[in-house]
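Dear colleague,

Please find below the structure that I am handing over to you. The findings follow directly after it.

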Amino acid sequence: MAAPRLLLARRVTPAAEDRARREFDALVADHDLDAEETIEAATRHRADALLIGSPCKLDAAAINRLPDYVKVIANASVGYDHMDADAAKARGIIVTNTPDVLTDCTADLAFMLLLAACRRAHEYDAMMRQGWGIRMGLADWLGVKPSGKTLGIVGMGRIGRAMAQRARGFGMRVLYHNRHRLPDDLEQGAEYFESLEAMLPHCQILSLHLPAGGATLMTRDAFALLPKGAVFVNTARGALVDEDALLEALKSGHLFAAGLDVFRKEPDFDRRFAELPNVFLTPHMASATQETRDAMGMLALDNIAAVCAGREALTPV
């Protein structure tokens with residue numbers, strides 16, 4: 001029996017690429033393919049399966065141009081807002097993602113951003129790289145103590161709950177806003193707010209952990225509801241935030257600081273953020289550990305193998 005034909009349209013770790021070459025008739029791209037490149041390569045290779053990432057923006061029109069022999073599109077990520085999953089399903093194409101395997105690393109980086117923003121890590125690091133050389137008194141260059149603060153979490157899925165677990169280790173009071181209240185065993189003492197607007201005035205630190213889609217969540221009005229001196233963290237999606245409003249809140253001092261891993265335009269983000277000393281920045285790398293990126297690639301391949309063998313996908317969307 002011939003091996004399934006796979007288009008590896010996203011660069012993956014060596015371990016995942018090696019498996020793809022061993023177990024599939026794989027066409028391996030040397031860079032992350034965009035939609036046009038993916039359609040062309042899938043057609044040329046007569047691909048049964050596509051493994052893609054966020055650079056491949058498959059809207060409904062692109063989905064409808066995919067060859068009929070494509071059975072499954074495996075996203076090597078949790079988010080799949082870069083493609084029209086409904087259009088794929090309408091064509092009978094199974095869509096999968098990689099939940100769970102990146103939960104801990106994403107929460108780890110989100111908490112790193114929280115700590116770095118509170119404790120002025122960017123400024124301290126820059127000071128040291130410039131040679132230090134100044135004496136500081138007890139009232140100079142003070143950060144915010146994160147321990148014991150009230151943390152608001154928007155989106156209490158797997159990653160949001162992992163963030164709450166880390167916050168409890170710092171003695172934080174955890175509030176959350178979610179579409180639905182969690183059962184007690186998942187809530188673990190976190191306080192539920194049905195309304196985001198009602199929760200924001202209580203949040204000394206706010207962290208986003210929900211997918212993009214729909215209206216912008218953090219607007220000028222939303223930022224204004226946070227208490228003066230609050231800290232903002234985003235490892236979810238840049239599209240959730242009005243970046244002009246965030247910049248204004250940071251420059252005015254209404255927000256003490258921010259830790260940001262995601263932006264509206266990536267990789268060409270708004271460079272005004274880089275000019276602010278009270279912003280700690282990372283380049284959308286929340287899942288970027290060897291262990292997690294291996295696991296993401298392997299789960300995507302597990303889904304492809306299952307579908308091509310006539311079995312149910314492990315993690316369909």
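Helices (H or I, at least four residues) and strands (E, at least two) are taken here as DSSP runs and numbered from the N terminus. The model is predicted: local features need pLDDT of at least 70 and side-chain atom pairs count only at pLDDT 80 or more, while totals for chains, interfaces and linings use all residues. Residues are numbered from 1 along each chain as its sequence is written, and side-chain values use heavy atoms, with hydrogens and water left out.

Salt bridges. A salt bridge is a side-chain nitrogen of Lys or Arg within 4 Å of a carboxyl oxygen of Asp or Glu. The whole structure contains 20 salt bridges. In one of them, arginine 44 pairs with glutamate 40, with the closest N and O atoms 2.9 Å apart. Both residues belong to helix α2 (residues 35–45), where they are four residues apart, about one turn of the helix. For accessibility, buried means under 20% relative accessible area, exposed over 50%, and partly exposed in between (1.4 Å probe, protein chains only). Arginine 44 counts as exposed because its relative accessibility is 53%, whereas glutamate 40, at 41%, is partly exposed.

Arginine 272 forms a salt bridge with aspartate 244, the closest N and O atoms being 2.7 Å apart. This pair links distant parts of the chain, since aspartate 244 is in helix α11 and arginine 272 is in the loop between β11 and β12 (279–281), 28 residues apart. Aspartate 270 also forms a salt bridge with arginine 272, with the closest N and O atoms 2.7 Å apart. Arginine 272 is partly exposed, with a relative accessible area of 33%; aspartate 244 is partly exposed at 38%, and aspartate 270 is partly exposed at 21%. A network of salt bridges links Arg19, Glu23 and Asp302.

Nonpolar core. A nonpolar core is a set of buried Ala, Val, Leu, Ile, Met, Phe, Trp, Tyr and Cys residues joined through side-chain atoms within 4.5 Å. The largest one has 30 residues, and those with the most contacts inside it are Leu206, Phe223 and Phe232. Among the elements that give two or more residues to this core are β9 (205–208), α10 (220–225) and β10 (230–234). Helix α11 provides the largest share, five residues. Counting contact as heavy atoms within 4.5 Å, and leaving out residues up to four places away in sequence, leucine 206 touches several residues, including Leu151, Val154, Met199 and Met218.

Yours sincerely
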